[in-house]
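Thank you all for coming.

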Amino acid sequence: MSDLPIDIKISKVSKSKIDQVDFNNLTFGKVFTDHMFVCDFKDGAWQTPEIIPYQPLTIAPSARVFHYGQAVFEGMKAFKDTNDEIWMFRPEDNFHRINKSSHRMAIPEFPKDYFFEGLTTLLQLEKDWIKKGKGNSLYIRPFVIATEEAISASPSNSYKFIIICSPAQSYYAGEVKVLFAEEYSRAADGGVGYAKAAGNYGAQFYPTSLAHAKGYQQIIWTDASTHEYLEEAGTMNIFFRVGDALLTAPTNDRILDGITRKSVIQLAKDNGIAVEVRRVKVSEIKEAARKGDLKEIFGAGTAAVINPIAGFEHGGEKFDLPKQEHSYASLFKEQLTNIQYNISEDPHGWRYKV
Ligand SMILES: *Cc1c(COP(=O)(O)O)cnc(C)c1O
């Protein structure tokens, strides 16, 4: 890469649609900002990036993404502090992860300077869409799709890297109950579970709809071969509090290496909480629940930050978790969001000023 600043071509909307948006009444991922960042890969190279008005794409029906699902994505957020400064949370990790995902899906890696200049230029342009106050954020969705017009089953020669943004409030509302997976699997050994590959989500929708019909919002996925070990929630990593210890599965090729997950592990250590990163058996969690030792289960991911879980079902047995006065879930949510909104110190250098 050259050291020269990247020449991003910018064409702005003539009139912003921000006045039509009710920021107090947002459904997650339904409203998008005025602009998007687009960069094409062709002739073996990423071309000059552009920022253009948010608009539909024109893509041939033969484009490989439609047939073979060659697509990856990321999810990140921008926050505004009380001085109108904009911050992101560990975006370098998202940058590395999208390229790790791309690598697995035979998609060319995206250059770092394009990623960060594209992101920061877009966020400066959309800064009015980022509202102050905890819970408000701008959800950022970078993604890459295979665009070559060819339905032969091989990697594409052309791609689009795109960033779109959606204003967000807190992601989840109400009590979340989960089903521990006994039949279906999200990911297998040697597969793409560790990548943010689009199809990983598509594959979860049907089993999750069956869980919905039984009154559960989500599935906690178990290992594909034995279904005896708890792995992750499919959009979030998962933590168990047994007594005062915090348990979570180690990442592997079936589990997404979540940025919220590793931040929670660090915060737990900072708070002097014992963390056990090891395989977590379904049977030990059920046993702990029966004995009253299972204090909490919560999910951790960018969209929801920390998502407490109120109960679970496995093998036809239902368990309700006790209400915690001083839950780890609320402690970590408070500490994480204080760092994200530039309210507290940032001892690990996680904040990134836009
Ligand atoms: C994105 C994602 C997570 C959470 O990762 P964060 O970096 O914390 O947002 C967890 N599991 C899966 C499958 C994911 O795609």
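What you see is a predicted model, in which local features need pLDDT of at least 70 and side-chain atom pairs count only at pLDDT 80 or more, while totals for chains, interfaces and linings use all residues. Residues are numbered from 1 along each chain as its sequence is written, and side-chain values use heavy atoms, with hydrogens and water left out.

The protein chain is divided into domain 1, residues 9–168, and domain 2, residues 176–340, with bounds that come from an automatic or database domain assignment. Their centres, taken over C-alpha atoms, are separated by 27 Å. To the contact, meaning heavy atoms within 4.5 Å, domain 1 brings 21 residues and domain 2 brings 24.

How much area do domain 1 and domain 2 bury between them? The value is about 2,000 Å², with 61% of it on carbon and sulfur atoms; buried area here is the accessible area (1.4 Å probe) that two parts lose on being put together, summed over both.

Between the domains there are two salt bridges, each a side-chain nitrogen of Lys or Arg within 4 Å of a carboxyl oxygen of Asp or Glu. Asp93 forms a salt bridge with Lys262, and the closest N and O atoms of that pair are 3.4 Å apart.
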